[in-house]
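Subject: Structure handover and what turned up

Hi,

Here is the structure I promised to pass on. Have a look at it first, and then read on for what I found.

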Amino acid sequence: MFIDTHAHLFYPNFNGEVEQVIQRAKESEVNSIIVPAADLVSSQQAIELAEKYDNIYAAVGVHPHDSKEWNDGIINKLEELAGNKKVVAIGEIGLDYYYDFSPREIQIKAFEEQIQLALKLKLPVIIHNRDANEDIMQIARKYKDSGLRAQYHCFAGSISNAKELIEMHHFISFTGNITFNKAENLRKVVSSISIENILLETDSPFMTPVPHRGNRNEPAYIRFIAEKIAEIQNLTVEDVARATSYNVYKLFRIGQKPELSITYKIGNSLYINVTNRCNADCIFCDRKGDAVINGYNLKMKKSEEPDAETYIKEIGDPKKYKEIVFCGYGEPTIRWEVVKKIAKYVKENGGVTRLNTDGHGNYINKRDITPELDGLIDIVSISLNSVDPVQYGKLMRVDPSMHAEMIDFAKKAKKYSRVVMTIVGLSEVDSLAAKKFVAEELGVEFREREYFS
């Protein structure tokens with residue numbers, strides 16, 4: 001169920017008890033554990049643990065605390081160690097200006113050379129940052145287009161930092177500190193980013209979560225961190241476990257891609273995977289990639305698209321759910337007749353419906369379909385994405401004229417359903433202008449969706 005991406009099981013306070021710690025983790029549904037190193041000795045220790053236990057994986061690297069004696073021999077030895085099949089990353093590496101146990105210029109040299117090793121070996125990195133945010137972000141920007149993939153462990157930066165790193169396709173992880181009473185700012189960061197960009201970690205033996213704070217931390221306590229993230233993001237613990245485990249697969253290639261889901265539950269809503277086909281090709285959409293969301297595989301060929309009756313059978317009693325959402329990684333109005341049949345069943349049986357659409361339904365179906373929303377679709381969520389038609393065309397890779405098509409659809413749809421206009425939270429999109437446009441020009445609701453890489 002869970003994967004602990006950061007547990008230093010080689011630390012002396014685990015001596016003689018590693019077997020029991022791993023067993024308690026299994027009993028707490030921790031399927032796998034990544035052990036990141038701090039120096040050459042612990043890199044070898046992490047590998048030995050990984051070779052001894054099937055569910056343990058290693059990362060090799062030199063922590064900023066231990067980089068004061070950095071030399072070419074160290075990087076050569078790390079490269080040799082990284083050849084082990086159980087090594088999944090270079091780490092824990094980074095900068096620490098709080099303790100300054102190593103000269104800062106040496107820390108930076110060691111950090112960058114280990115990043116370059118990771119790029120050479122096509123491995124991700126696990127990054128430590130304490131009181132070095134400015135330099136960390138400058139280095140992240142330097143490698144923005146290099147193909148580097150990173151986990152920013154025990155994240156303590158700002159919301160804007162987190163979003164910038166996510167746009168670079170990196171992942172953020174939080175430890176037990178998000179459960180502490182004085183961690184409101186950190187919890188705001190958690191609430192501001194998508195679960196698709198988050199990893200779980202304990203940082204054992206440190207950062208023990210409430211209610212065990214004050215004791216030695218261990219992987220079995222990962223559930224308390226998952227529960228806090230679920231609470232903050234209004235998800236279930238199962239949602240958090242499923243999504244973060246897939247994120248581990250994406251970054252570290254531990255585990256496997258899930259089987260195709262034609263319906264999928266997030267929170268208390270049931271989503272209908274209608275189609276992967278779409279008339280747009282949004283730059284932020286993974287439709288042509290893995291097409292996985294919240295740990296569900298939605299990658300569906302046209303030949304695999306079910307009929308309405310198959311979906312209806314999976315739904316069962318629609319009143320069990322907060323809402324039935326027509327979504328997936330394609331444009332649902334491409335299969336408008338199927339959507340209508342399902343929606344009719346849901347409404348006749350007391351359910352609530354929502355349609356997530358790019359607003360091109362009239363164009364796609366070559367007629368005005370908005371009157372057909374009446375009595376079938378309670379909420380229509382339309383991707384506005386930008387108030388600028390040119391930017392809209394670039395983001396969605398469609399002709400800019402489709403912006404007017406989408407606006408026209410929204411104006412007509414609000415006669416029959418509650419309409420919500422949405423944008424994806426990308427730095428280049430003016431969210432304030434979008435919010436103002438929606439309120440003044442359309443008179444409907446507005447929501448900003450979290451971007452995920």
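A quick definition to start: a residue is buried if its relative accessible area is under 20%, exposed if over 50%, and partly exposed in between, using a 1.4 Å probe and protein chains only. By that rule Asn197 is buried, with a relative accessible area of 0%. Asn197 sits in the loop between helix H7 (184-192) and strand E8. Helices here are DSSP runs of H or I with at least four residues, strands are runs of E with at least two, and both are numbered from the N terminus.

Before the rest, some housekeeping. This is a predicted model, so local features need pLDDT of at least 70 and side-chain atom pairs count only at pLDDT 80 or more, while totals for chains, interfaces and linings use all residues. Residues are numbered from 1 along each chain as its sequence is written, and side-chain values use heavy atoms, with hydrogens and water left out.

**Helices with a buried side**

Helix H1 (residues 18-27) has Val18, Val21, Ile22 and Ala25 as its buried residues. They are on the same side of H1 because they cover an arc of only 95° around the axis; the arc is taken from the directions that run from the helix axis to the C-beta atoms. Just after H1, Glu29 has a positive phi of about 65°.

In helix H3 (residues 72-81), the buried residues are Ile74, Ile75, Leu78 and Leu81. Looking down the axis of H3, these fall within an arc of 120°, so they line one face of the helix. Asp72 and Glu80 are exposed, on the face of H3 turned away from its buried side. Among the elements covering the buried residues of H3 are H2, E3, E4 and helix H4 (104-121).

**Cores**

A nonpolar core is a set of buried Ala, Val, Leu, Ile, Met, Phe, Trp, Tyr and Cys residues joined through side-chain atoms within 4.5 Å. The largest one has 86 residues, and Leu9, Ile56, Ile90, Tyr152, Phe174 and Ile229 touch the most other members. Leaving out residues up to four places away in sequence, Ile229 touches Ile178, Val190, Ile195, Ile198, Leu200 and Val240. There is also a second, separate core of 48 residues, which includes Leu384, Met402, Ile407 and Val424.

Ile272 lies in strand E10 (residues 269-273) and is buried, with a relative accessible area of 0%. Its contacts, not counting residues up to four places away in sequence, include Tyr311, Ile315, Phe326, Cys327 and Ile342.

Helix H10 (residues 308-315) and helix H11 (residues 336-348) have axes that come within 9 Å and cross at roughly 30°. Those axes are lines fitted to C-alpha atoms, for helices over the stretch in contact, with angles from 0 to 180 degrees between N-to-C directions. On the H10 side, Ala308, Tyr311, Ile312 and Ile315 meet Val338, Lys341, Ile342, Tyr345 and Val346 in H11.

As a reminder, most residues other than glycine have a negative phi, and most peptide bonds are trans.

Cys154 is not a glycine, yet has a positive phi of about 45°. Cys154 is in the loop between strand E6 (150-152) and helix H6 (159-167) and is buried, at 14% relative accessible area. Arg397 has a positive phi too, near 50°, in the loop between helix H13 (389-396) and helix H14 (402-413). Arg397 is partly exposed, with a relative accessible area of 48%.

Cheers

Terms used. Contact means heavy atoms within 4.5 Å.
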